[in-house]
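Here are some notes to read beside the model. Please keep the structure open while going through the points.

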Amino acid sequence: MSPAVPPPAVASRLANVASSPVRDLLALTARPEVISFAGGLPAPELFDVDGLRAAFDRVLTEQPRRALQYSTSEGDADLREVIAGRLTARALPTGADEIVVTTGSQQALNVVTTATLEPGDVVLVEDPCYVAALQTFDFAEARVVPVPTDDDGIIPEALEEIAAREPARLLYLVPTFSNPTGRTLPAARRTAVAETAARHGLWIVEDDPYGELRYDGEPVPWIAASPAASDRVILLGSFSKLMAPGLRLGYLRAPAPLRQPCVIAKQAADLHTSTVDQAVAARYLRDNDLDAHVRTVRDAYRARRDALLDGLPAALPAGSRWNRPAGGMFVWATLPDDRDAAELLHTAIEYEVAYVPGAPFFTGPPDPSALRLSFTTHSPEEIEEGLRRLAKALS
Ligand code: PMP
């Protein structure tokens with residue numbers, strides 16, 4: 001037998017997946033003794049297990065053959081109708097045919113990327129930006145161009161200037177309770193963003209997995225609801241934070257010309273989202289008051305956010321800054337004197353507390369002093385203890 005030729009290397013787009021020091025470090029934070037502000041997970045004790053069990057029971061009793069069969073790529077007709085109804089009730093008139101159900105909103109982002117971007121195309125992102133979106137654009141071989149932000153999110157003047165200079169095709173942003181910053185883009189800026197996109201011929205991907213987790217203040221209208229951009233916004237939604245992320249249920253609401261391309265892209269990815277999970281979600285949404293459940297989750301998260309905010313002044317070194325998010329899951333902080341949050345994470349882990357360093361979220365020059373703190377998965381008491389540990393670690 002001739003000598004075996006080794007199989008080829010993995011694709012170059014995946015060549016450096018093995019080497020993230022932050023990821024290796026964060027693996028240590030999964031130890032049960034660590035109080036972790038690093039995760040981005042919803043609180044599992046708040047899942048409505050009984051309600052979901054009852055919905056699974058009903059679906060598998062009443063329509064087992066349909067629920068376990070292949071189905072359409074667009075998604076379950078009942079679920080699309082309920083989703084459209086929920087968007088319409090929140091002042092974004094939507095028909096069921098405008099919705100494509102996806103396997104999490106992460107897949108919605110993938111599908112939209114496949115449907116809109118050629119290799120080398122320019123994508124504008126807020127800086128810092130949700131890391132898995134950056135990864136998606138990287139895999140599509142897009143050229144990502146960061147747009148500066150301030151405490152209110154993306155800066156419209158900077159966006160206008162960059163959009164005038166770069167031949168961009170798509171703007172991606174998380175305007176409400178952003179990951180990683182927790183910031184919310186004010187209404188006037190949303191209008192300005194919509195107008196810039198219209199002026200320069202951009203798609204806008206408005207990623208909104210957190211919008212319903214509002215703890216204070218009034219909702220800000222979606223960019224998708226802005227008349228200037230109604231022909232160009234793809235709104236992404238998710239049940240991960242409202243029901244349970246393990247269901248992997250998300251959706252996109254796309255303008256007509258993009259809908260069929262998105263359905264085809266999804267078909268190539270996974271044919272369709274789990275039939276049974278979609279049927280269960282539709283059943284759950286008809287038999288239960290999801291809004292009442294969301295109110296319970298919001299009350300718990302508000303108390304956790306407040307515990308974090310109340311404890312931060314004593315936990316972070318003098319001169320640190322942080323924001324007060326009106327919703328979502330994250331507080332964004334910066335340490336004084338350019339202290340390096342990634343470096344300090346080693347010490348924090350020794351004290352059995354963790355956070356996510358902010359640097360990996362940047363596509364422009366990173367701010368090494370930034371960090372993201374999630375407040376959803378620990379009780380207020382655990383958060384207080386976590387902050388006592390953090391104070392010792394950072395002192
Ligand atoms: N977008 C953002 C901004 C997120 O933070 C997340 C979850 N971490 C997702 C999309 C993906 O959510 P899912 O696929 O669970 O809907």
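In which sense do β10 and strand β11 pair, and over how many bridges? Point 1 takes this up, and the other points move on to the rest of the chain.

1. The model is a predicted one. In it, β10 and strand β11 (residues 330-334) pair in the antiparallel sense, over two bridges. Within β11, Thr334 is the residue that Arg321 stands opposite. Both strands belong to an open sheet of four strands with antiparallel pairing, in the order β10-β11-β14-β13. Its edge strands are β10 (321-322) and β13 (356-357), each of which pairs on one side only.

2. Overall make-up. The chain has 13 helices and 14 strands. Taken along the principal axes, the box filled by the C-alpha atoms is roughly 70 × 60 × 50 Å.

3. Strands of a sheet pair through backbone hydrogen bonds, either parallel or antiparallel. A second open sheet to look for has eight strands and mixed pairing, and its order is β2-β9-β8-β7-β6-β3-β4-β5. The strands at its edges are β2 (99-103) and β5 (153-154), and each of these pairs on one side only. Inside the order, strand β7 (residues 203-207) pairs with strand β8 (residues 233-238) in the parallel sense, over four bridges. Asp207 stands opposite Leu236 in β8.

4. α5 against α9. Two packed helices are described by the angle between their axes and the distance between the axes. For helix α5 (residues 104-116) and α9, the angle is about 115° and the axes are 8 Å apart. Their crossing is right-handed. From α5 the residues in the contact are Gln107, Val111, Val112, Thr114, Ala115 and Thr116, and they meet Leu258, Pro261, Cys262, Ala265, Lys266, Ala269 and Asp270 in α9. By class, this contact holds eight nonpolar, three polar and two charged residues.

5. α4 against α10. Helix α4 (residues 77-89) and helix α10 (residues 275-287) have axes that come within 8 Å and cross at roughly 45°. That angle makes α4 oblique to α10. The crossing is left-handed. On the α4 side, the contact is made by Asp78, Leu79, Glu81, Val82 and Arg86, and on the α10 side by Gln278, Ala281, Ala282, Leu285 and Arg286. These residues divide into five nonpolar, one polar and four charged.

6. α11 against α13. How are these two helices placed relative to each other? Helix α11 (residues 290-315) and helix α13 (residues 380-394) pack at an angle of about 25°, with axes 9 Å apart. The two are therefore roughly parallel to each other, and their crossing is right-handed. α11 contributes Ala303, Arg304, Ala307, Leu308, Gly311, Leu312, Ala314 and Ala315 to the contact, while α13 contributes Pro380, Ile383, Leu387, Leu390, Ala391 and Leu394. The classes in this contact are 12 nonpolar, one polar and one charged.

7. Cis peptide bonds. The bond from Asp127 to Pro128 is cis, with omega near 5°. Pro128 sits in the loop between β3 (122-127) and α6 (131-139). Asn179 and Pro180 are also joined by a cis peptide bond, with omega about 20°. Pro180 is in the loop between β6 (168-173) and α8 (187-200).

8. A backbone angle. Which residue has a positive phi although it is not a glycine? The residue is Ala91, with a phi of about 75°. Ala91 lies in the loop between α4 and β2.

Definitions and conventions
Residues are numbered from 1 along each chain as its sequence is written. This is a predicted model: local features need pLDDT of at least 70, side-chain atom pairs count only at pLDDT 80 or more; totals for chains, interfaces and linings use all residues. Side-chain values use heavy atoms; hydrogens and water are left out. Axes are lines fitted to C-alpha atoms, for helices over the stretch in contact, and angles run from 0 to 180 degrees between N-to-C directions. Angles under 35 degrees count as roughly parallel, over 145 as roughly antiparallel, 65 to 115 as roughly perpendicular and the rest as oblique. A crossing is left-handed if the near helix is turned anticlockwise from the far one by less than a right angle, and right-handed if clockwise. Contact means heavy atoms within 4.5 Å. Ala, Val, Leu, Ile, Met, Phe, Trp, Tyr, Cys and Pro count as nonpolar, Asp, Glu, Lys and Arg as charged, and the others, Gly among them, as polar. Two strands pair if DSSP finds at least two bridges between them.
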